[in-house]
Amino acid sequence: MTDLFTQPRLVAAVRFKWQNGEDTKTYDYFVPVGLELSPGEKVIVETKRGETEVDVVEIKAESEKAEKTVIRRVEAPVASETPAAAPAEDWNF
């Protein structure tokens, strides 16, 4: 029975790249409620061997293959400001 008040869970199809770099396989993971994902983003998912980073290739409305949930989105590193160089007149060699 479907609950009319429960939002359907979206599914992210994610691509795993194997060590040889040529073989890939796609698996479906549920998207946590409130997390918006787009194809091309990187996410962390749980596998038999632990957590791993994978690429989202598609967002689906449903899947009969999804069993696990995406853990989190991989955030882009924040660009840190490099300290400004001291003026040349302050350098005493």
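**Rings, contacts and a pocket**

Me: Is Phe-16 buried or exposed?
Reply: Keep in mind that this is a predicted model. Phe-16 has a relative accessibility of 9%. The cut-off for buried is under 20%, so Phe-16 counts as buried.

Me: And what about Tyr-27, is it buried, exposed or partly exposed?
Reply: Tyr-27 has a relative accessible area of 36%. Buried needs under 20% and exposed needs over 50%. That value falls in between, so Tyr-27 is partly exposed.

Me: How are the rings of Phe-16 and Tyr-27 arranged?
Reply: A pair of aromatic rings is described by the distance of the centres and the angle of the planes. For Phe-16 and Tyr-27, the centres are 5.3 Å apart and the planes are at 85°. Centres within 6.5 Å make a pair, and an angle over 60 degrees has its own label. So this pair is edge-to-face.

Me: Which strands does that pair link?
Reply: Phe-16 and Tyr-27 are eleven residues apart, so to speak in distant parts of the chain. Phe-16 belongs to residues 11-17 and Tyr-27 to residues 24-30. Those stretches are strand E1 and strand E2.

Me: Which elements make up the protein, going from the N terminus?
Reply: The protein has zero helices and five strands. Reading from the N terminus on, the order is β-β-β-β-β.

Me: Is Asp-28 buried or exposed?
Reply: Asp-28 lies in strand E2. Its relative accessibility is 11%. With the cut-off at under 20%, Asp-28 counts as buried.

Me: Which ring does the charged end of Arg-9 sit over?
Reply: The charged end of Arg-9 is 4.5 Å from the centre of the ring in question. A distance within 6 Å is needed here, along with a limit on the angle. The ring belongs to Phe-30.

Me: How do the lining residues of the second largest pocket divide?
Reply: This pocket has a volume of about 170 Å³. Twelve residues line it, and the closest to its centre are Pro-8, Leu-10, Pro-32, Gly-34 and Leu-35. The lining divides into eight nonpolar, two polar and two charged.

Definitions and conventions:
Residues numbered from 1 in each chain as written. Predicted model: local features only at pLDDT ≥ 70, side-chain atom pairs only at ≥ 80, totals over all residues. Heavy atoms only, no water. Phe/Tyr/Trp six-rings, centres within 6.5 Å; stacked < 30°, edge-to-face > 60°. Helix = DSSP H or I, 4+ residues; strand = E, 2+ residues; numbered from the N terminus. Buried < 20%, exposed > 50% of the residue type's maximum accessible area, 1.4 Å probe, protein only. Lys NZ or Arg CZ within 6 Å of the ring centre and 35° of its normal. 1 Å grid on protein atoms, 1.4 Å probe; cavity = no way out; pocket = protein on both sides within 12 Å on 5 of 7 lines; lining within 4 Å. Points joined across faces, edges and corners; volume = space filled by probe spheres on them. Nonpolar A, V, L, I, M, F, W, Y, C, P; charged D, E, K, R; others polar.
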